[in-house]
Amino acid sequence: MSALAELCDEILTCQDCELARHRTNVVPGEGTEDANLFFIGEAPGWHEDQQGRPFVGPAGQFLDQLLASIGLRREEVYIANVIKCRPPQNREPLPEEIQACRRWLDRQIEIIQPQMIVTLGRYSLARHFPNESISKIHGKPRKLEGIIYYPMYHPAAALHQGSLRPIIEADMLKIPQILAKAKELPQEAAESQQLSLF
Ligand code: SF4
């Protein structure tokens, strides 16, 4: 069994916060262990809780379309959430729940070692850049300690606010170009030029 599969099995038994009492299924994440791209959403919703898989509701269908727009299928990337169990009535996750769940995502990132982490939505953004506003930094890559961080709006945002849809689509279309340019740059140059890449 791979290190990632072993980790996911471990996550399935987690009881480290209140959300364990409310879940139908834990949603550890899915995709390939050698993914270049790691998408991090917020928390499972009803569909995800039912199926134990991330992004399988309407927002997930939009994410699949976005991936297809850059020639990818979800099997070729990794998709997970900041929180692995659904908060009741889809309420916002509490700080203590985010903290309790943090170690799982840390370990997933450690095993996968993606080239780029795409944060989807504000909880995912806040995990890495707590003082930033998504409306200001979406679509702008940053390279920190060898990983490119790329903030995007959550796909669900487009379902509630149609005007965000073209913005999300345009941000996704920039990803292949960012990856291609990042590969050409040595680590130091990429870091020093992080805000001038695009
Ligand atoms: S949300 Fe995270 S920390 Fe809480 S029970 Fe689920 S897996 Fe464990």
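Helices and strands here are DSSP runs, a helix having at least four residues and a strand at least two, numbered from the N terminus. The points below use those labels.

1. **Confidence.** This is a predicted model. Mean pLDDT for the protein chain is 92. Of the chain's residues, 92% reach 70 or more. One stretch needs caution: over residues 188-198 pLDDT stays under 50. The model has 13 contacts beyond four places in sequence for residues 188-198.

2. **Phe55, location and backbone.** Phe55 sits in a loop. Helix H2 (46-51) lies on one side of that loop and helix H3 (58-69) on the other. The phi of Phe55 is positive, near 50°. Most residues other than glycine have a negative phi.

3. Is Phe55 buried or exposed? It is buried, because 28 other C-beta atoms lie within 10 Å and the cut-off for buried is 20 or more.

4. **Gln113.** This is another residue other than glycine with a positive phi, here near 45°. Gln113 also belongs to a loop, the one between helix H4 (95-112) and strand S4 (116-120). Its surroundings give 13 C-beta neighbours inside 10 Å, so Gln113 counts as partly exposed. The cut-off for exposed is 12 or fewer.

5. **H1 against H4.** Two packed helices are described by the angle between their axes and the distance between the axes. For helix H1 (residues 3-12) and H4, the axes come within 10 Å. They cross at roughly 170°. That angle makes H1 roughly antiparallel to H4, because the class takes angles over 145 degrees.

6. **Residues in the H1 and H4 contact.** Which residues of H1 meet H4? Ala3, Leu4, Leu7 and Ile11 do. On the H4 side they meet Trp104, Arg107, Gln108, Ile111 and Ile112. By class, the contact has 7 nonpolar residues, 1 polar and 1 charged.

7. **Glu30.** Glu30 lies in strand S1, which spans residues 30-31. Leaving out residues up to four places away in sequence, Glu30 touches Arg53, Pro54 and Ile79.

8. **Glu30 and Val77.** How many residues apart in sequence are Glu30 and Val77? The separation is 47 residues. In space, Glu30 and Val77 are 8.4 Å apart, C-alpha to C-alpha.

Conventions: Residues numbered from 1 in each chain as written. Predicted model: local features only at pLDDT ≥ 70, side-chain atom pairs only at ≥ 80, totals over all residues. Contact = placed C-beta atoms within 7 Å. pLDDT = per-residue confidence, 0-100. Axes fitted to C-alpha atoms, helices over the stretch in contact; angles between N-to-C directions. Parallel < 35°, antiparallel > 145°, perpendicular 65-115°, else oblique. Nonpolar A, V, L, I, M, F, W, Y, C, P; charged D, E, K, R; others polar.
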